[in-house]
Amino acid sequence: MSRLSEVFPRRIDLKLLAVVLLLSAIGIAMVVSTTAGTPRGSLGGRQAIFVLVGLVGCGVALAVDYRLLLRYSPGLFAVSLLPLVYLPLFGPRIAGARSWLRLGGGFQIQPSELVRITTVLLVAWILENDDRPFLQRKTIVQVSLAVGIPAVLILLQPDLGVTLTYLPFLAAALFFGGLKARWWLVLLLAGAVAAGGSWFLLKDYQKDRIRTFLDPDLAARGAGYQVRQARIAIGSGGILGKGFQKGTQSRLGFLPVRHTDFVFAALAEEWGFVGVAAVITLYGLVLSRGFAIARDARDRGGAMLALLVVVDLVVQAAVNIAMNVGIVPTTGITLPFVSYGGSSMIASWTLIGLVLSVSYRRFVNV
Amino acid sequence: MVESAREDRRPLLVRIDGLAVAAWAVLVVLLGVYWVQQVLRGEEFQRQAENNRQRSVPITAPRGFILDRNGVVLAENEPSFSLLLDRNATKDVGASLSFVASLLGRPLPDLRHRFERGRSTYDFVPVLLDDNLSVAEVGAVEAHALEHPELVIQTTERRIYTQGPATAHLLGHLGEATPEQVAARAGRIRPGDAVGQNGAEAAYQDLLAGTSGLRTFVIDSFGREVAELDKVDPLPGNTLVLNIDLRLQKIADDYFRDKVGAAVAMDPRTGEILAFVSSPAFDPNIFTRRVSKDEWDAILQNEDHPLNNRVLQNVYSPGSVWKAFVAYAALQAGISPAERVTCHGAQTFYGRSFRCHGVHGSVDLPTALQVSCDVYFYTMGKRLGIDALADAARTFGFGRPTGFDVGPEKSGVVPDPEWSAAARKHPWYPGETISVAIGQGPVLVSALQVARAFAALANPDGALPTPHVFRMGEHVKTGDRYAYRPPPRAHVPYGPGVREAIVEGLWRVVNVPGGTAYGVRVPGLDICGKTGSVQVVAQADTKKAHLLPERLRDHGWFAGFAPRDDPKIVVVVFVEHGEHGATAAAPLGARLCEAWLRPAPPPAAPRPADVARGAAPAEAGRDGT
């Protein structure tokens, strides 16, 4: 006991923990601010519960040796895919997508978020096993499949937002694993062809989002409404913001999905540029701490694990922040730790638990 | 395996550092974008956010009342009650509609139809079910407020014209602002406003309308009101007091109940209009509710054209009334009033025989006026020539608007060779001068022009007053008054004895046996006047005559003033197809003079005629003041 209390704080990366806790606290505050006093009531309490469950997931991920998890990752991955296969076929349709599994007590869970954990583990494990300066062709195929299979299954639900959160895994894995120039070229071309081809696969509302992204004034009241109102919310926040629960855009309902996808716009409105700068800095610190942990990791698998997780979370955050201000199309990517949502919160905290675990076990002799 | 991993670290570390730099760069760029939006463009977006959430709705100011010169209310505002259904407050719309149908006795399909028409709006916007509810109906609805909270009574103000048709042409009415009116008074009149159309309501729109207030409130994204931010109360409009004397107005209106024509009474000294009637009229109150198609069609299809303002906008031949001004031209030209002309019942001028309506023998000027001898005036016309006649007419203000403060006027026609060349493109025929001398031919005048010209005969100094109904504007709150400021007046110049000779003739018309209006004399009042009859079908038009046989009768005129020595009232009465001015028009003229000069004690009770005439029974009691 005495040893634990001595060792625990020294070995846990408290800076990373503190930054993520702070982001979660900001998230709870924003969920309160955007939902308190609305007809369905405040969701702040639920969000706090999600954070607590997330902390439990974080603790579990920290308690188990990540090396063990890496070794069993193919099996974990396979098991976790089962609900993703089940959902598009038999899942309940909620808001037009079969993304959710109903649990008891009014709670429901989004398996696609939890599969992110097993996917990260599997990709890290694949990279662990190819430690040359540049990736072998076999490894590239393996990584692509590990990311591609869940991504395609989630796209079938369909849930474009979550699907896109898988792409950073692939990009980060290939970047950190090492890829020769000609491979990047092939990848770039393939990406361009896929992007062009996917236009024909997109739903009308998704096409609208891209059109309105290109021209927000196209239909101020129609499809461009969200983007426009979000911009007004952000811009009207000014330097210091309008104050907690004082944002007219979010409180009066002009800002769409203001506690999930557009929570950052609500934050920008109420806390101003100061709040924006603070939150962006916090994500920067997540990145820096994660990268530092990767540098210090005991092994290649741990380093890859930390890198994949951090890149995924920060890319999500950056895309969401860019989407809020309208410089990338609206995709349904949420802001990690801040946006309202249980599955995403628990998965993100568990991923942070894996990073903390890598840090915790950085010394060979543990 | 661990050892080998360590050896391979270097490329990975390079990549980590590279990506860290790139990632921070991306975050800094994002920060820059937010800086631009929030700090550089912050004010612009703050304005947009305010526009988003704030709505301002003007509050219409209560319109000023219109009173007659004695303070009797002619136009006022009355609360009007509408029944609305709030869909959010009822679970069963059908049951609510059935309840309204049974409570107020309205047909259920009508209510359903109105509900369906209104339901396309947001469901928190109440739907209008019925308007113009009676006080009793409002009470019935409010008695069930607890069981039926979805039924909402909305109170608005409605313009009420207490005298109905009797003041229709004088007051005009309210109507939705036309795009031209909105453009002409930008800022003061908004689209959808009810503004004065015609009459005093239009002429004194700015005075009556007041200044609207403004209510600013916060709305949510559905347009629902969340909170009130600011409220500026409207400034009520001014009370408009007219020169009209309702007693005279009603006497004239009653007289014209079964006649078509116009009557105007005026104080010759000031130009104050005491009565102003054009018949037939219409009930201006139909415009303050929604005009039904049937009501509107009835007005438009009425052959007597109730919308025509016969005092101002219809011009007629003056007939023998004109002889007063021919007499002026003759006297001013130096012809003695005592000079005699012999009437044999007809006389030939320029090779054509011109008939008189009688055989008057030897007549001087006053006698010629008294008996309305045509031959005397034919002779004068030939001697004076058309230019002298036209000059005299213009001196009395004919051929141009009188400057009346309400409503557009027609100028009429004072014919002369110049006019003939310009308007008809053919030369003036000397024979026309003979016709013009008795007020026939191409001469056209309005009743108001005749009234003003007779005022110049009534006034010893020949002053030509500007007719006006405006007496005073008074602000209900501040008590500020706007008085009438008379424009400079022209004067008709009289040579020595000229006016006296004409007035002697006009006095004899009414007060000496043989005068054309001797039948309407009122002992002691010394009414002076002139009758006139106008052929409806000119000789050139006889081919058409058989098409309208019932409309062949002549128009009748009477124009006069009283009392002779100190004229205080000028009256002009025109009765379409009244046949003779003496019988059709003069009686009303005499009655107006008598009513003005010898006011009867106020009647104690409302007369039943008022009730019958469409004024609401509740308003009839106000006449007694």
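# Chains A and B: a chat about the model

Q: Where in chain A does pLDDT stay under 50?
A: Over residues 218–223. This is a predicted model, and for that stretch it has eight contacts beyond four places in sequence.

Q: What should I do with coordinates where pLDDT is low?
A: Where pLDDT is low, predicted coordinates should not be read in detail.

Q: And what does pLDDT average over chain A?
A: The average for chain A is 85. A score of at least 70 is reached by 89% of the residues.

Q: OK, what is chain A built from, in helices and strands?
A: Its secondary structure comes to 15 helices and two strands.

Q: How many of its residues count as buried?
A: Chain A has 366 residues, and 55% of them count as buried. Its accessible surface comes to about 15,000 Å², with 68% of that belonging to carbon and sulfur atoms.

Q: What about contacts in chain A between residues at least 6 apart in sequence: how many join residues at least 24 apart?
A: Of those contacts, 72% do.

Q: Pick a helix. What span should α2 of chain A have, and how far apart are its end C-alpha atoms?
A: Helix α2 takes in residues 14–35, which is 22 residues. At 1.5 Å a residue it should span 32 Å, and its end C-alpha atoms are 31 Å apart, so the two values agree.

Q: What follows α2(A)?
A: A:Gly37 follows it, and the phi of A:Gly37 is positive, near 80°.

Q: Changing topic: how many salt bridges are there over all chains?
A: The count comes to 33.

Q: What does A:Arg289 pair with?
A: Its side chain meets that of A:Asp13 in a salt bridge, at 2.5 Å from N to O. A:Arg289 lies in helix α13 of chain A (residues 263–296), while A:Asp13 is in the loop between α1 and α2, so the pair ties together parts that are 276 residues apart in sequence.

Q: Is A:Asp13 buried or exposed?
A: A:Asp13 is buried, because its relative accessible area is 7% and the cut-off for buried is under 20%. A:Arg289, at 24% relative accessibility, counts as partly exposed.

Q: Which residue forms a salt bridge with A:Glu269?
A: That is A:Lys242, and the closest N and O atoms are 2.7 Å apart. A:Glu269 is in helix α13 of chain A and A:Lys242 is in the loop between α11 and α12, so this pair ties together parts 27 residues apart in sequence.

Q: How much relative accessible area does A:Glu269 have?
A: It has 0%, so A:Glu269 is buried. A:Lys242 has 25% and is partly exposed.

Q: What about chain B, say B:Glu432?
A: The side chains of B:Glu432 and B:Arg424 meet in a salt bridge, at 2.7 Å from N to O. B:Glu432 counts as buried at 15% relative accessibility, whereas B:Arg424 is partly exposed at 23%.

Q: Which residues are joined into one network by salt bridges that share partners?
A: A:Arg67, A:Glu128, A:Arg298 and A:Asp299 are joined that way.

Q: Now both chains together. How many residues are in contact between chain B and chain A?
A: In chain B there are 37, in contact with 58 residues of chain A.

Q: Which residues of chain B lose the most area to chain A?
A: B:Arg15, B:Tyr34 and B:Gln38 do, and together they make up 18% of what that side buries. Between them, the two chains bury about 4,000 Å², 68% of it on carbon and sulfur atoms.

Q: How many salt bridges are counted between chain B and chain A?
A: The count is one. The side chains of A:Arg295 and B:Asp17 meet in a salt bridge, at 2.5 Å from N to O.

Q: Last topic, two residues of chain B. Where is B:Asn511?
A: B:Asn511 is in helix α20 of chain B, which runs over residues 498–511. B:Asn511 is buried, with a relative accessible area of 16%. Neighbours within four places in sequence aside, B:Asn511 is in contact with B:Tyr518, B:Arg521, B:Asp526 and B:Ile527.

Q: And B:Val359, buried or exposed?
A: B:Val359 counts as exposed, at 65% relative accessibility. Its place is in the loop between β15 and β16 of chain B.

Q: What is B:Val359 in contact with, leaving aside its neighbours within four places in sequence?
A: B:Cys343, B:His344 and B:Gly345. The C-alpha atoms of B:Val359 and B:Cys373 are separated by 8.3 Å, and the two residues are 14 apart along the chain.

Key:
Residues are numbered from 1 along each chain as its sequence is written. Chains are lettered from A and ligands numbered from 1 in the order in which they are written. Side-chain values use heavy atoms; hydrogens and water are left out. Helices (H or I, at least four residues) and strands (E, at least two) are DSSP runs, numbered from the N terminus. Buried means under 20% relative accessible area, exposed over 50%, partly exposed in between (1.4 Å probe, protein chains only). Contact means heavy atoms within 4.5 Å. Accessible areas come from the Shrake-Rupley method with a 1.4 Å probe; for residues, only the protein chains shown count as cover. The expected span of a helix is 1.5 Å times one less than its number of residues. pLDDT is the predictor's confidence in each residue, from 0 to 100. Buried area is the accessible area (1.4 Å probe) that two parts lose on being put together, summed over both. A salt bridge is a side-chain nitrogen of Lys or Arg within 4 Å of a carboxyl oxygen of Asp or Glu.
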